[in-house]
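Let's take a walk through a protein model, one piece at a time. Keep the structure open while you read.

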Amino acid sequence: MKYLANVTTLQYASDKCTGCGRCVEVCPQGVFVMREKRAAITDRDLCMECGACAMNCEFGAISVNSGVGCATAIINSMLTGGEPTCGCGDAGGSSCCS
Amino acid sequence: MQMQTLKFIKKTAPPWSNGTVSTPNGPVYKVSTDWTRPDYWGMIKSRAGAFRMNYAVEPGLYAVGEPTKDSDVLVTANYKLSFDTLRRELKGLNAWVLVLDTKSINVWCAAGKGTFGTDELIKRISDTRLDTVVSHRRIILPQLGAIGVNASIVQKQTGFRVSFGPVRAQDIPAYIGAKYKKTPGISRIRFTILDRLVLTPLEINPAMKKFPWFAAVVLFLFGLQPSGILFAHAWHGGLLFLVMGLLAVFAGAFLTPALLPFIPFRSFAIKGWIVGMLMVFLFTQVFNAIVLHDTILLIVAFLLFPAMSSYLALQFTGATTFTGISGVKKELKIGLPIYIGTASISLVLMIVFKLKEWGVV
């Protein structure tokens, strides 16, 4: 399943890639593959902006504005002015944390 | 004295442990790979959202089977359901299990919050003196932990090289068997109909908690008469709206998640609206002739309930495995004004309906 097209903030600078393969290892959506000893993007629309790739790219080749893709969390953050986080700690909580 | 010591051990040993294994730093609990009745009951209760905060395992090092200095170290969260899911898949393996303190939250969510994170992992490796327990310098993390753990910092500070294993615990034996190589299949998050159904109670419960408020407003509006609030009126007109409210919850919080890939469009708001619209359409086809004879009420029904379903479907983005924050923000930016507008127009129409009913206009 794919979510909305052309919304992801994923940015990849292939010139900084050293071909370590971490991004392929961590991406749960198969956005990255190794092609000729460098990472390549398969389909940007598959990205769910979890941030695992950017977190683990030692060479700063990847950036993404990561966060929870959760409506409840985003509405709460609009109301409170904070960062959207899923309400796992709260009583009841939102379902991003089963 | 002997009795007291025995009692002490019996009391503190977790019910899911079956003995201890000695390490250079003292004994650690051995973990059973079988579930007992309390484990199943706990899973059902946590799936239903009955408890969140207190379903925890003490963080630290545990053993599965008879691990040695060469055995793998698997890292997990201290949410008991995460821990249980892992240990159940480790039958026949000899391994160490390092449980991080994630405040009893699962790996994925905790990694997003940073509690399943670089600092906690480094702290836990040093607290358990893992470097004296194993002679190698490899640790295996669940793949979704990569959202919170920077592998290169962990390696620089502890010497342990992080491998991000499979997404799901059930693929761990295959992953280890394949010499820590991942096939694309075990690196991908899946989102089967079963995964989605399991998550729907957590959508339906919060929606139903707000339902009494909706019911109160509906019954008040229908019951309100110049002479006061009449129960018979409230019931007569309000009941159908209450039923349609329940249908909207069913459409948005259950049907849309369950049928997600089969409903057209990628937007959750549109998916939920379509299903809600279908429900209202079918409902009015069945009941229109009897009660919803009023055009204004019919318009309100077609405005309000698909929008309610749409709003609830949008909440399911929090449970999915493929929606990103930018997309949800975009949906909300367009959706929220529409929802608020729809609710306002519905209210105005209801007032017009009442005025007509009273013969004012």
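## Two domains in chain B

First things first: this is a predicted model. Chain B splits into domain 1, covering 2-187, and domain 2, covering 193-357.

## A pair of packed helices

Take helix 13 (residues 268-287) and helix 14 (residues 295-315) of chain B: their axes are 7 Å apart and the angle is about 140°. That angle makes helix 13 of chain B oblique to helix 14 of chain B. The crossing of these two helices of chain B is right-handed.

Who does the touching? On helix 13 of chain B, look for residues including Phe268(B), Trp273(B) and Met277(B); on helix 14 of chain B, Phe302(B), Phe305(B) and Leu312(B) are among them. Sorted by class, this contact has 17 nonpolar, 5 polar and 1 charged residues.

## Where chain B meets chain A

Now zoom out to both chains: 46 residues of chain B are in contact with 43 residues of chain A. Helix 15 of chain B gives the largest share, 7 residues.

And what kinds of residues does chain B bring to this contact? They divide into 23 nonpolar, 14 polar and 9 charged.

Definitions and conventions
Residues are numbered from 1 along each chain as its sequence is written. Chains are lettered from A and ligands numbered from 1 in the order in which they are written. This is a predicted model: local features need pLDDT of at least 70, side-chain atom pairs count only at pLDDT 80 or more; totals for chains, interfaces and linings use all residues. Domain bounds come from an automatic or database domain assignment. Axes are lines fitted to C-alpha atoms, for helices over the stretch in contact, and angles run from 0 to 180 degrees between N-to-C directions. Helices (H or I, at least four residues) and strands (E, at least two) are DSSP runs, numbered from the N terminus. Angles under 35 degrees count as roughly parallel, over 145 as roughly antiparallel, 65 to 115 as roughly perpendicular and the rest as oblique. A crossing is left-handed if the near helix is turned anticlockwise from the far one by less than a right angle, and right-handed if clockwise. Two residues are in contact if their C-beta atoms, placed from the backbone, lie within 7 Å. Ala, Val, Leu, Ile, Met, Phe, Trp, Tyr, Cys and Pro count as nonpolar, Asp, Glu, Lys and Arg as charged, and the others, Gly among them, as polar.
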